[in-house]
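Here are some questions and answers about aromatic rings and their partners. The sequence and structure come before them.

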Amino acid sequence: MLLTLMIFVPLIGMIVVLCLPRNAEETIKRTTLVFTLIPLILGVMLLAGYDRESEDLQYEVNVMWIDAFKIHYHIGIDGLSVTLILLTVLLGPICVIASWRNIEKGIKAYMGLFLLLETGMVGFFAALDLFLFYVFFELTLLPMYFLIGIWGGPRREYAAIKFFLYTLFGSVLMLIAMIAVYLKGGTFDIPTLITLAQQDGHALANPVFQIWVFLGFFIGFAVKVPIFPFHTWLPDAHVEAPTAISVILAAILLKMGTYGLIRVNFAMLPEGMAFFTDPEAAVKLGRSATWGYGLAILGFINIVYGSFCALAQTDFKKLVAYSSIGHMGFVILGLAARNESGVTGAILQMFNHGVISAMLFLLVGVVYDRAHHREINGFGGLGTKMPIYTGITTLAFMASLGLPGLSGFVGEALALLGAYSKYQVLTILSTIGIVVGAAYFLWTLQRVFLGKLNPKYEGISEINGREILTLVPLGILTIVFGVYPSLLINMFNQAVSMLPLVP
Amino acid sequence: MTSLTNIQSIPYFIPELILVVFAVGAILLDLVNRGRNTERVAYLALVGVAATLIAVIAVGSSEKSLFLGMIRLDSFAVFFKIIILVATAVTVIFSIKSEELDPRMKGEYYALLIAVTFGMFLMVSSKNLLMIFISLETVSLTSYILAGFLTHNPRSSEAAFKYITYGAVASGTMLFGFSLLFGLTGTGDVVQISHRLTEMFSAGEAYPLVVLVIITFILAGIGYKMASVPFHMWSPDVYEGAPIPITAFLSVASKAAGFALFIRLFYSTFQASNIVGSVDWSLMLSIVSALTMTLGNLAALPQQNVKRLLAYSSIAHGGYLLMGATLLTPEGIQAILFYFITYLFMNLGAFFVVVLIANELGSETIDGYRNLWSRAPFVAVSMAIFLFSLTGIPPLAGFFGKWWLFMAVIKQELYWLAVVGLLNSVVSLYYYARIVKAMFLESSDETDAISFSWGNLALLVVFVVPTIIIGFWNTVYEVSRASLGRIVG
């Protein structure tokens, strides 16, 4: 019930907001804030009641929804989803506060769509029925299209439709895979399917079948992550989206892709996963061993390619967007390792990247609201005028480039550690990404904050209380989980051990 | 299976009789009114449709053959009759609202609309080749007149002319196919034909080539009604030229009747395994299906006129529906039935918005929809819901319809067709989103609010609500399942 409320309270909020008069802007914003704070409070209660030691799904609800296809409303959480759900409900109010001043038109529709988006995201992470999972996955598409398309920057129309088309393309392939799984397994229930897929001789356990289905799901999720070569929508969408939406995009929507990879591809399709992560398994099926490096190579490309692209950017937001691609590569690499430290690192990196990228996009938004441009070379010496802002930005940069003691380090280190035992060369090459990451962040820091003050920004104002309010909770998490990551790892190590790991 | 005699059949034929009475009544009322107050005729037509609906439900499905085996009254026929009636009622209401029709002519227009409905009733229940042809012609002839109803508009006349030319060729071809089939089997009853064909194939006496020719010829006639490639050429011009209410009607009711006829004929006649084994018409159909949706979607991409865009989109939807028909499995047919329920609401809803905008702004182009969001938010949001539902985005009804169709296809392991269909859905997003983009993302110089009457908005709600909730509603799935019933009998 608690989980159901968390999913649908934002939806109720949307209906309430839509009933409010259009010009009561303050009321609309406050109502939205309330309806995003309720899920946060529920989330805290959820966390309080969450048993870290348990192997079972928690807060499970399972009722029949559509008889004709045995579709259930089946939700529940385990270690894989709990952190992401909490991150989602935490970012809800933060994004509403971040949108408080800089949404100029149609605030009612904006807030309504935002609440719908939150329902889709929380629902997606909670869903345990494949069909429900898909419906929530797609439910995030529509609000996102409008949020980018209406409130975005100059090229918003192009960015919005590109995002929509890419994601829909991925998800229709996922749909075919899903139907194929249903027809073989006779159910949409993810836990049941996981059991069936591991039974010897079951139609679902057939490696060839699993490989094809794996590909269908994989492309669907890969577009979302985004994994090279499906990533080109991301820089456009990020650059055009308003600040709060960029935050959601980077922190949550990208995680939907990797979460799906773990929940479906990893847990449900072990044979398919093996084919793309284990050269021996590929050879055993009579294919070239190269297939077994497939996922790791994609992770490696993401890391290196994303980092080098980021290095080349002069647009602050685009830089952060490409750095996201790079950091998601560590998640893929960690998953490709399929061992405990690799997967733990991947999941840790998902959460931490969510927090850090949210901070980075909020910070870009702060300076953009003041200067109305994001050209990195167009600033200079802001540190003298905005010391607090500079401090917080430095924290976020350091966390993102993987400074030990901050949260970004732990996930990446574990992912690399896990991957090293299987793919030595690729892992070593991947560390290039970290070096380049340090380079572009430090270089940006220098160009924007250090040096002589650009006279144009003589009168630029310091970060205000509202903006600090959005950043502080994230900053605290960055430090806490950097110093004491076990707090986070304990929440999901039980779930990791349940995955079909290889030593 | 015994069939009832003519006299015994009459009680089961009451819905059709009511339609005939009201068609004649509409003409008489128009005559008495001398072409004034045509709204009265419209209301009479609505009463007629309502009475027929009640009669259809009251008579129910008796799974009987009527008139010495000419038509069959089963749940399948009842299902399509209800779909057609709803579409007719909606068309009448659209026509009252529509300002493009000549008010003096509207009286006979409504009479013709009821006559078309009568023809479609026969089409969905015919089980004899002769009856099939007669019903098809009844529908076609009246449709030609309706399509050309804007006598002052050359496009409308062009539409009617194209419609009639294509129609004549198509039905002639089909008739030739029928005559061959009759010559081969010596009977017009579809079930008997099936038995004969099966016997002939198992005795090795049949010529597969002849059967292939027959099937191809019949498909030409029915494909024309379903607007499937390569017999679709008439439909964009007709859809664009015809009055908007008629376009809406043709794209839903005519298509539904065509599919009903097709399913009944093929399911009864050519379904036996040894026929399918030697004449692979299902492969032919899957290719037609793939071509139909691809062509419909690609042709819709560059359209600037919303009506024409929806015309091509409706060709594409015909292609999706054909996927369900490729193997005529019960699963596929049920999916088609369900899809028609969703299609009824989303497609008519979209056309209704087109009517409203054409009335208010006099524009049918996408540019005319610019900034509609701030001018008429409710209409814009409704249109977006219809269009996204047509694309097949969950949680809207269209998604669930497509979902079932794709499931039927994948169950038959026609993976290539499923992939083609789904990629087509992605393509279709692009042009549907162009309208959405114009409505929500683009600004225009016109910013003053457009107000619509409460009646119009209420009618819009009637389309919007089902488009949102059908997918979550178990009963609709059950109805679609149950309506397949026993087509063959």
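Q: At what distance from the ring centre does A:Arg374 lie over the face of A:Tyr368?
A: This is a predicted model, in which local features need pLDDT of at least 70 and side-chain atom pairs count only at pLDDT 80 or more. Residues are numbered from 1 along each chain as its sequence is written, and side-chain values use heavy atoms. A charge sits over a ring if NZ of Lys or CZ of Arg is within 6 Å of the ring centre and within 35 degrees of the ring normal. A:Arg374 lies over the face of A:Tyr368, and its distance from the ring centre is 4.9 Å.

Q: Which ring lies under the charged end of A:Lys224?
A: The charged end of A:Lys224 is 4.9 Å from the centre of the ring it sits over. That ring belongs to A:Phe137.

Q: How many aromatic pairs does the structure hold over all chains?
A: Rings of Phe, Tyr and Trp (its six-membered ring) pair if their centres lie within 6.5 Å. Planes under 30 degrees apart count as stacked, over 60 as edge-to-face and the rest as tilted. Over all chains, the number of aromatic pairs is 72.

Q: Why is the pair of A:Trp65 and B:Phe472 called stacked?
A: The ring centres of A:Trp65 and B:Phe472 are 5.4 Å apart. The pair counts as stacked because the angle between its planes is 25 degrees.

Q: Is A:Trp65 buried or exposed?
A: Buried means under 20% relative accessible area, exposed over 50%, and partly exposed in between (1.4 Å probe, protein chains only). A:Trp65 has 15% relative accessibility, so A:Trp65 counts as buried.

Q: What kind of aromatic pair do B:Phe259 and B:Phe340 form?
A: The centres of B:Phe259 and B:Phe340 are 5.7 Å apart, with 70 degrees between the planes. Both residues, B:Phe259 and B:Phe340, are buried. Their pair is edge-to-face.

Conventions
Chains lettered and ligands numbered in written order.
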